[in-house]
Amino acid sequence: MGKPTGFLEYDRKNNSGTSPLERIKHYNEFHTPIEESLRCQQASRCMDCGVPFCQNGKPIMGMVSGCPLNNLIPEWNDLIFTNEYEAAAHRLLMTNNFPEFTSRVCPALCEAACTCGLNGDPVSVKENENFIIEYAYSSGMMKPDTPKVRTEKSVAVVGSGPAGLACADQLNKRGHNVTVYEKDDRIGGLLMYGIPNMKLEKSVIDRRVDLMKASGVKFETNKNVGEDIKPATLLRKYDAVVLCCGAGNPRDINAPGRDANGIYFAVDFLKATTKSLLDSNLEDGNYISAKDKNVVIIGGGDTGNDCVGTSIRQGCKSVVQLEMMPKLPDSRAENNPWPEWPKVCKTDYGQEEAIAKFGSDPRIYQTTVKEFVKDEEGNLKGVTTVKVEFVYDEESGRNVMQEVAGSEQYIEAELVLIAAGFLGPKQYIPEAFGVETNNRSNVATEEGKYSTNIDKVFTAGDMHRGQSLVVWAIREGRDAAAEVDEYLMGYTCLK
């Protein structure tokens, strides 16, 4: 513990962000790191507490508390404070394949469980992590890690999202010959096309992929396994196949008028924008435009917020975000004590931008769409919303949602984006491989396992556990790699 009184002497200080009205003029990341001496002070706030809940990553009251990757947070916080940045990077990379991703897009479960947060502000773990990995890159520490000895085993990883990349990275380090297949034109999956550029600039992904290529991992783009490539071909060519195809089946809103022109899934909206941005800086026009339109976003989660921020950057006329659930409290409720995940209201970057641009929070709570209203030509012109409430149903023993009579309202809208979550993977891939799925349509395995009912076929990530966080996808990719390694070699030294 570098400075026992650090948490008493220093207040939390975050990286500064560009003002909302400035940052909506571009699609770049908008946080500026604080100076190095202040970062060391922030690291010294770590208490080196007796039970570091920050790295626990275990469920408490049904919610995970701490980092699912079990990052050695107190150790590398101490190493930052003592200016041993290279040693800090070694400790960080022991447990996390891609800190440059998690330090940008993870909701920081570690900070929610930080002991400092019990009576004050938690340690800035996420920004400390970002400092470490960016130092590692800028100092030349991040070099290709080509195995000195190769096995004769080959593995195909289907899908290049965080789970697929983590699995491939681990198996390559073990010496196996790994090829990653990606259906899109760029590597990254969810990271590339599901997360907007202002949260994760794509050069960060390319930098890591280039490193993996130099380390021996092979990548095949524009290869849709299950359609372009038959599973039998992969099973014949490789000793194991790992399915990491994500949860790409979006939940729909089946209300009257759903066939109106102007209604899109959020994932299609975000993907088209990012692809056009990367291809031509949006000059090709190959994206769904919100310019001069009244936009309604259905869904109050991170994806909905990303749609808010993207719509504003495109020049929307107005934006409304509908959320079926009630507004969470602004601070922890008594029945939600530390170190549980804090169920509190979070105002994210997109909502901040909407408040600055339009003068009010775009979120409307306990509300859903009852009807999509279209004109005579079939174009969307508005939505009819209705308030909902949750009432306890004695027969089922749970709360059920019902409409509030007489609460209908009309909102003008030429563009609706559905960000209501996902219902498992696209089913053509499990069907093509013949793997079993569970009642949530995810690929089924035994509890704690990653092998499917088909020999040589494994699975990991959102395709396996359902829609989740990038940090969980990395965890799954690492664990699946260890199981694949044991299957191939009879034992494993991967963790």
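This is a predicted model: local features need pLDDT of at least 70, side-chain atom pairs count only at pLDDT 80 or more; totals for chains, interfaces and linings use all residues.
Student: Why is the pair of Tyr85 and Phe131 called edge-to-face?

Tutor: The ring centres of Tyr85 and Phe131 lie 5.1 Å apart, and rings pair if their centres lie within 6.5 Å. The planes stand at 85°, and planes over 60 degrees apart count as edge-to-face. The pair is therefore edge-to-face.

Student: What makes this pair a tie between parts that are apart in sequence?

Tutor: Tyr85 belongs to helix α5 (residues 85–95) and Phe131 to helix α8, so the pair ties together parts 46 residues apart in sequence.

Student: Why is the pair of Tyr85 and Tyr135 also given a class, and which class is it?

Tutor: The centres of Tyr85 and Tyr135 are 5.2 Å apart, with 65° between the planes. The limits are within 6.5 Å for a pair and over 60 degrees for edge-to-face. This pair is accordingly edge-to-face. Tyr135 lies in helix α8 and Tyr85 in helix α5, so the parts tied together are 50 residues apart in sequence.

Student: What makes Tyr85, Phe131 and Tyr135 a cluster?

Tutor: Ring pairs link these three residues, Tyr85, Phe131 and Tyr135. In total, the structure holds seven aromatic pairs.

Student: How do you know whether Tyr85 is buried or exposed?

Tutor: Tyr85 has a relative accessible area of 8%, and buried means under 20%. Tyr85 is therefore buried. Phe131 is buried as well.

Student: Why is Tyr135 placed in another class, and which one?

Tutor: The relative accessible area of Tyr135 is 29%. Buried means under 20% and exposed over 50%, with partly exposed in between. Tyr135 is therefore partly exposed.

Student: How do you know that the charged end of Arg207 sits over the ring of Tyr137?

Tutor: The charged end of Arg207 is 3.6 Å from the centre of the Tyr137 ring, and the distance limit is within 6 Å. The definition also asks for a position within 35 degrees of the ring normal. Arg207 is listed as sitting over the ring of Tyr137. Likewise, the charged end of Arg258 sits over the ring of Phe265, 5.5 Å from its centre.

Student: What makes up the lining of the largest cavity?

Tutor: The lining has 16 residues, and Cys67, Asn71, Cys106, Cys110 and Glu129 lie nearest the centre of the cavity. By class, eleven are nonpolar, three polar and two charged.

Notes:
Residues are numbered from 1 along each chain as its sequence is written. Side-chain values use heavy atoms; hydrogens and water are left out. On a 1 Å grid over the protein atoms alone, a cavity is a set of points where a 1.4 Å probe fits but cannot get out, and a pocket is an open set with protein on both sides within 12 Å along at least five of seven lines; lining residues have an atom within 4 Å of a point. Ala, Val, Leu, Ile, Met, Phe, Trp, Tyr, Cys and Pro count as nonpolar, Asp, Glu, Lys and Arg as charged, and the others, Gly among them, as polar. Rings of Phe, Tyr and Trp (its six-membered ring) pair if their centres lie within 6.5 Å; planes under 30 degrees apart count as stacked, over 60 as edge-to-face and the rest as tilted. Helices (H or I, at least four residues) and strands (E, at least two) are DSSP runs, numbered from the N terminus. Buried means under 20% relative accessible area, exposed over 50%, partly exposed in between (1.4 Å probe, protein chains only).
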